Protein chains: 2
Amino acid sequence: MKRMPSPTLQDVAQHLGVHKSTVSRAMDPARRQLVKADLLQRIETAAKTLGYRPNHAAAALSRGRSKTIGVLLPDITNPVFPPILRGIEDALDEEGYFALLANTSRPESRGHAIEQAVDRMQAQRVEGFLVASATRDNQWLDTLRQSGARIVLINRTDGRGHLPAVISDDMLGMRLAVDHLVALGHRHIAHLAGPESLSTGMARRVGFVQALHNHGLTAAQVVMAKAYAIESGEQAMQQLLALRQSHPHPHPFTAIVAANDLIALGAMQTLRAAGLNVPTDISIVGHNDMPLLDQVNPPLTSVRIQHYEMGFKSARLLLDALRDRPGSQDATVMLPPQLRVRGSTAAPRGA
Amino acid sequence: MKRMPSPTLQDVAQHLGVHKSTVSRAMDPARRQLVKADLLQRIETAAKTLGYRPNHAAAALSRGRSKTIGVLLPDITNPVFPPILRGIEDALDEEGYFALLANTSRPESRGHAIEQAVDRMQAQRVEGFLVASATRDNQWLDTLRQSGARIVLINRTDGRGHLPAVISDDMLGMRLAVDHLVALGHRHIAHLAGPESLSTGMARRVGFVQALHNHGLTAAQVVMAKAYAIESGEQAMQQLLALRQSHPHPHPFTAIVAANDLIALGAMQTLRAAGLNVPTDISIVGHNDMPLLDQVNPPLTSVRIQHYEMGFKSARLLLDALRDRPGSQDATVMLPPQLRVRGSTAAPRGA
DNA sequence: TTGTAGGCGTTATCAA
DNA sequence: TTGATAACGCCTACAA
């Protein structure tokens, strides 16, 4: 039959007795017009019958653009990331780009996972990076930036430097949560914070305090969960209940804002185990609005973040930056979250 | 400063006054031994100080291996796919491969989404394909196979041909579900099936009937859901209840096996709305064991599929096939599912 | 409107 | 053990 290797421009060219440059032109939408109409026609049919497929690897080498970008995220298995990734790929797809993905949180051999991934991506000559890994330890990020790489951050900001980023407005998110609870009549509200080492953990805690302040209120209590996980939520809630016992207060908290849905779910379990009812005894608001939250008992009120849009915008921002389109420099795009009110929040007892 | 483009083998070579071939050898672990020890040393330090980074695009062109494989799946946003993808990438990572991902289900311009994705992947010269898109309409898959591409299927089989595949043992899965219910005392069990157009939909329905048959039982009723979605589950359950009314039976079903968790969740909602209690009136078993199922009310008993392992094995299988290692040809690997028993199943009334 | 030549950064094959 | 040369397939000048 035919030979194994797929035909090249050269093959198509000599099949027609023309030069490969001509075929190259004919294949490029941008320069197609430079080829006479009927020749173009013949080239196209020849290409089709020979089964020609462009070799992007060769084009990449020649033009220095690989049409790939690197995406770094902790773990695609964490439900916040799939919509982000989907947004990224939908945006990249429009321009013929592919994402090279790396899950940076590996149980084994942790530590250099990120650096290795970045190395491999640079070997593949990715044109830029989308970084959703949220650790605030940034050694590698600094190195990466100094190497001149194009970078856009997702759902996190950059401590010192000013890298462009697409984030959710955590101040607003907390304001929505707090305003909702205050409107229901709550005046004593506690916060189950996320790890301070993550930028969202810190931003949401600050946002929570600020939102209360807007109402002339102060935080009833703040306890930090060790991780964004159900068990951490359980533990943190136990601490919160212990605090409540050891420091009896004339007005104990009647509502809780959690930095994350998993923390909120853990808290609900602990409350249930302690014989407290949600929402009649205590209201709870989560954060992220992950899937199936409407199916738990009670359905969890949560701050919905525009994950898909974050992914999409960040990819667009990066693509624009690669074109050196101005206006995309150092931009920090903030997306507004929305509150999804469900059954876990209600007016406090006797309100 | 230094020039923008990253240094090449040539740069490193002339920095040391040696030939680039030598540097090339020094950089390749497999041929490193052919270089004298001290020269190797000098080359390595020179490479480090110059900031040399291998250009994989060039290597790909030269060696004809891109070190990338294409992954086709409907939508990463569907919770079954993240663990599969994670498994794939963990396996690929071990060999320095990257996955190029395409979400094949696009709302707009549906139809040619898959073909376009495949085209782009072939242009990138992926070395093989991992296909988790489950439609049983296979025009494009046939074309792809005939083009000589290496393919491994995930969570689906191939109608006519015999492509290697990694699937879950759906017969066993249904047997686990049915055995569990029968052991609890159920004798009249209905099935909410998935779409017949998906291979899992069909396989699970067949498995269900077979599993009942093993006990000398026959299916109380089978209704097909239009999609793997909560709403479809609600609708299908309504049909099931209607059937139950219109055809009064001396022994109405006391348990339901759903082809999928979302269908099961929808069914639970409909049952609740109809004033029926799960599990006291009716037991329900789901399928897939998606995240947060232990948090719904009641916690859903479900057949847990080894998604991560499916991804990992499929990638390994493909990598082995690329090396022409025998034993990996036409292999169909079947992974055993497990039953996760939770609160949605109990003994039937009066048992 | 088409052809020619050279180069992108590597690897492979010889030769030295 | 190292060097020289020719691909790999495409793109971009520039020349015709």
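**Entry 1: a helix in chain B**

I began at the end of α3(B), where the next residue is B:Gly51, whose phi is positive, near 75 degrees. I take helices (H or I, at least four residues) and strands (E, at least two) as DSSP runs, numbered from the N terminus. The model is a predicted one, in which local features need pLDDT of at least 70 and side-chain atom pairs count only at pLDDT 80 or more, while totals for chains, interfaces and linings use all residues. Residues are numbered from 1 along each chain as its sequence is written, and chains are lettered from A and ligands numbered from 1 in the order in which they are written.

I then checked the length of α3(B), residues 37-50, and its 14 residues at 1.5 Å a residue should span 20 Å, which agrees with the 20 Å between its end C-alpha atoms. The expected span here is 1.5 Å times one less than the number of residues.

**Entry 2: the sheet in chain A**

Next I followed an open sheet of six strands in chain A, with mixed pairing and the order β7-β6-β8-β9-β10-β12; two strands pair if DSSP finds at least two bridges between them. Because β7 (221-224) and β12 (338-340) of chain A stand at the edges with a single partner strand each, one side of each has no neighbour in the sheet. Neighbouring strands of this sheet are turned by 20 degrees against each other on average, direction ignored.

Looking at one pair, I found that β6 (residues 189-193) and β8 (residues 255-258) of chain A run in the parallel sense over four bridges, and that A:Leu192 has A:Ala258 in β8(A) as its bridge partner.

**Entry 3: how the two chains meet**

I looked up the contact between the chains, which takes 34 residues from chain B and 34 residues from chain A; residues are in contact if their C-beta atoms, placed from the backbone, lie within 7 Å. On the side of chain B that touches chain A, α4, α5 (81-94), β2 (98-103) and α6 (113-123) of chain B each supply at least two residues.

Chain B can be laid on chain A by a turn of 180 degrees and a shift of 0.0 Å along the axis, with an RMSD of 0.1 Å, which is the relation of a two-fold axis. The superposition is by least squares on C-alpha atoms of residues with pLDDT of at least 70 in both copies. In chain B, B:Val296 comes closest to the rotation axis, at 2.0 Å (C-alpha). I also noted that 100% of the interface residues of chain B are interface residues in chain A too, so the copies meet through the same surface.

**Entry 4: the DNA strands**

Of the 26 residues around DNA strand C, A:His19, B:Leu9, B:Asn55, B:Ala58 and B:Ser62 come nearest, where near means a C-beta atom, placed from the backbone, within 6 Å. The most, five residues, come from α4(B).

Around DNA strand D there are 24 residues, of which A:Thr8, A:Leu9, A:Asn55, A:Ala58 and B:His19 come nearest, and here α4(A) gives the most, with five residues.

How values were computed
Axes are lines fitted to C-alpha atoms, for helices over the stretch in contact, and angles run from 0 to 180 degrees between N-to-C directions. Two residues are in contact if their C-beta atoms, placed from the backbone, lie within 7 Å.
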